[in-house]
Amino acid sequence: MSEKDDEGNICAVSALSRGNTAGSEKLKSFTHYINTAAQWTHEFTVLTECHFSLVLISLLSCTTNQARLTVSPSSSQFFKEVFVSLSCEEDDSSAGWTLRRNTSKQQRTQCGDVWGRGTGSSCNISTLFTQDSGVYWCESREGPISNMVNLTVTGGSVILQSPVLPVMEGDDVTLLCKTKTTPSNLPAAFYKDGSLIRKQPTGHMTIQHVSRSDEGLYKCDISGHGESPSSWITVTDKHTTTPPPTSSSPPVLSVLSCVGSVCFVVLLVLLVLLGRRCVHRKPEGETQTY
């Protein structure tokens, strides 16, 4: 065999070897993409199942029962050193409703911790002090809260007894101006948003067939005794007022909250999937070398 024939054979073998190597690399690359696709499909399935579970939990949280906070005696203003009872009126005691409050010195404290004595879903404050003034509400273990009630405790000698809960449009509302030590039928002047409404000889005033225009900040004054703190009176439309919400009719705010939670979960899952896909995707600038 000539020397040229040997060189030709060597070149042919070398070319064949390079061809086999290139084919092997392409096969490995194809296998890599197949495995990556299978892994991505599996992760997508797992994440989709997790996404479904999270959405289901969010939707179930929308059906949590809610309560309504009531106050006894029914007033938003109190003299100090008197008794008051607060109660969460509920449809399902298993929700575990507790009473919380915000005051000028403490935030989200629970009945029984540093104030009041709790019994089930009720809370009694045996002796009110001015530092007990604040916003009170019921809260369940699942998170939803009830209506909020603003209570004012004064060290003065005059209070205005007004509705604690919102008043339905068309109803009659009676306001009572009281002193701590003397009879509560003394002449009193009643004010709304700082302007005098009228003077009443017996210390009480009735607003008949209230409308939204009657909503505002009220106070009263008894000559020789002083002025009461101010309290806000809320008037609600008759056709929009409903009984305390139950599991079959979640409130609008809860529904909106749940929709927002579901949208957030969907967005989070899509971002995770996109991130994982980008990690497994081969950079465009990378080329195969043989």
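How many aromatic pairs does a search of the whole structure find? The search finds one, and Trp115 and Tyr136 form it. The model is predicted. Its chain of 290 residues has two helices and 19 strands.

**The aromatic pair**
- The rings of Trp115 and Tyr136 are edge-to-face, 5.5 Å centre to centre, with 85 degrees between the planes.
- That angle counts as edge-to-face because it is over 60 degrees.
- Trp115 lies in the loop between E5 and strand E6 (117-119), while Tyr136 belongs to strand E8.
- The two residues are 21 apart, and the pair links distant parts of the chain.
- Both Trp115 and Tyr136 are buried.

**The five-stranded sheet**
- An open sheet with mixed pairing is formed by five strands, ordered E2-E9-E8-E4-E5.
- Strand E2 (77-79) and strand E5 (109-110) are the edge strands, each pairing on one side only.
- Strands E8 (residues 134-139) and E9 (residues 149-154) are antiparallel to each other and pair over three bridges.

**A charge over a ring**
- Lys219 places its charged end over the ring of Tyr191, 5.8 Å from the ring centre.

**The chain as a whole**
- Of the residues in the chain, 29% count as buried.
- The accessible surface of the chain is about 17,700 Å², and carbon and sulfur atoms account for 58% of that surface.
- Of the contacts between residues at least 6 apart in sequence, 60% join residues at least 24 apart.

Conventions. Residues are numbered from 1 along each chain as its sequence is written. This is a predicted model: local features need pLDDT of at least 70, side-chain atom pairs count only at pLDDT 80 or more; totals for chains, interfaces and linings use all residues. Side-chain values use heavy atoms; hydrogens and water are left out. Two strands pair if DSSP finds at least two bridges between them. Helices (H or I, at least four residues) and strands (E, at least two) are DSSP runs, numbered from the N terminus. Buried means under 20% relative accessible area, exposed over 50%, partly exposed in between (1.4 Å probe, protein chains only). Contact means heavy atoms within 4.5 Å. Accessible areas come from the Shrake-Rupley method with a 1.4 Å probe; for residues, only the protein chains shown count as cover. Rings of Phe, Tyr and Trp (its six-membered ring) pair if their centres lie within 6.5 Å; planes under 30 degrees apart count as stacked, over 60 as edge-to-face and the rest as tilted. A charge sits over a ring if NZ of Lys or CZ of Arg is within 6 Å of the ring centre and within 35 degrees of the ring normal.
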